[in-house]
Amino acid sequence: MDGSPPLIDQYSHGAVHGELGLGSFETHLAAAVGARGPAPAGTSYFDTVTGLAIRRWCPPLLGLEPHCPPARYLARRREVGAFRAGRMLLRGCGIGTFLLAAGAPGDLTSVTELATAAEAPAHEVVRLEPLAEQIADTSGSVDAFLGYTAEALYGAAQHATAFASGATRCDGRAPEAGEVRRAADRWLRGRRPGERLGEPVLLRHLLWSAVATGLPVQLHCPDPAPLAAFLRATAGTGPDLVLLPAAPHHRRAAQLAALHAHVYADAGPRPEDTLGQAPFGKLLFSSGARGLPELYVTAARFFLRAMGRLVREWTDEGLCGAADGRRITEMVGSGTARRVYRLDAAAG
């Protein structure tokens, strides 16, 4: 990794267990590139930028030459064994600390399993909506649901590194108790077991409740603009908020991070876009990896390659010195996450 310090991955879901044949590997690869259904006849999902990146950077970690054919790579993967291959990939990916969205759907590694496989610290990020959904599955009344939810949030705050919410919008005030009760009653009455939480008032209630714990809160928002009032209203309340938008909204997220002292933003797949929109210390790296351990490798390499290219350009132009370039890369890659998520304190 050219002497770069290990990255801190502020957001991922974990890796799959067990062996993967060509079909199952392609299914996970398709999900990673946002595709559905089989690849066009005569092609595969290795015929994508992510597929090329896997063939470039992952084979050497398993003792193969770069760019080897997919069939050869998967054969080597099976030869090594799923457990050992995942361990070799995670330990060679260049990420030194992981923040894991715990309890993601699917047979994925837990926080402890990921830490063991990667031989690196891993920290839990508690997702608010699944927490409430699990309680709703066993709650017999509105009072029980609200009481158990409050207890669960308090309990999670004692061990988690951060909370995460998928609320796509939130206004500038916490809902009143009566609103919350009516919303809970409405949702519980019409809810089927296992149904996802989509009641807007309850989503706002969970989000404001998480803010009250003082832990950092990740906001997984396709477009961060509808959260603008919430960002303004939470200034000075204590916790930091981290925006993790979907493409192409990373620039807007960076602009909001620049606007609010307590708001930070994911650097996105193209850090050159976000670094021009916010102070460097307001941006963080994440892999967003789910399923394939190879995705941790490719995300780290893509990020460091993009940062290296940008810093070299700035250095060649005389905009910054080499030492500044290294400091900026370290800041976005690990330093800001260490500060926002208080990881030095957690290690202590």
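Here is a short walk through the structure, stop by stop.

**Before you start.** You're looking at a predicted model, where local features need pLDDT of at least 70 and side-chain atom pairs count only at pLDDT 80 or more, while totals for chains, interfaces and linings use all residues. Numbering starts from 1 along each chain as its sequence is written, and side-chain values use heavy atoms, with hydrogens and water left out.

Stop 1: Two strands count as paired if DSSP finds at least two bridges between them.

Zoom in on E6 (217–219) and E7 (241–243), which pair in the parallel sense over 3 bridges. Click Val 217, whose bridge partner in E7 is Leu 241.

**Stop 2: helix H6.** Pick residues 128–138. Of the 11 residues of H6, 8 are buried, so the helix is largely enclosed by the rest of the structure; buried means under 20% relative accessible area (1.4 Å probe, protein chains only). Leu 128, Pro 130 and Ile 135 are among them.

**Stop 3: the largest pocket.** A pocket is an open set of points on a 1 Å grid over the protein atoms alone, with protein on both sides within 12 Å along at least five of seven lines; lining residues have an atom within 4 Å of a point. The largest one has a volume of about 1,500 Å³. Its lining has 50 residues, and the closest to the centre are Tyr 11, Ser 286, Ser 287, Gly 288 and Ala 289. Select helix H13 (294–316) next: H13 gives the most to this lining, with 8 residues.

**Stop 4: the largest cavity.** A cavity is a set of grid points where a 1.4 Å probe fits but cannot get out. There is 1 of 30 Å³ or more in the structure, and the largest holds about 40 Å³ of space. Select its lining, including Ser 4, Leu 7, Leu 304 and Glu 330. Finish on helix H14 (322–340), which supplies the largest share of that lining, 4 residues.

Methods. Points joined across faces, edges and corners; volume = space filled by probe spheres on them. Helix = DSSP H or I, 4+ residues; strand = E, 2+ residues; numbered from the N terminus. Buried < 20%, exposed > 50% of the residue type's maximum accessible area, 1.4 Å probe, protein only.
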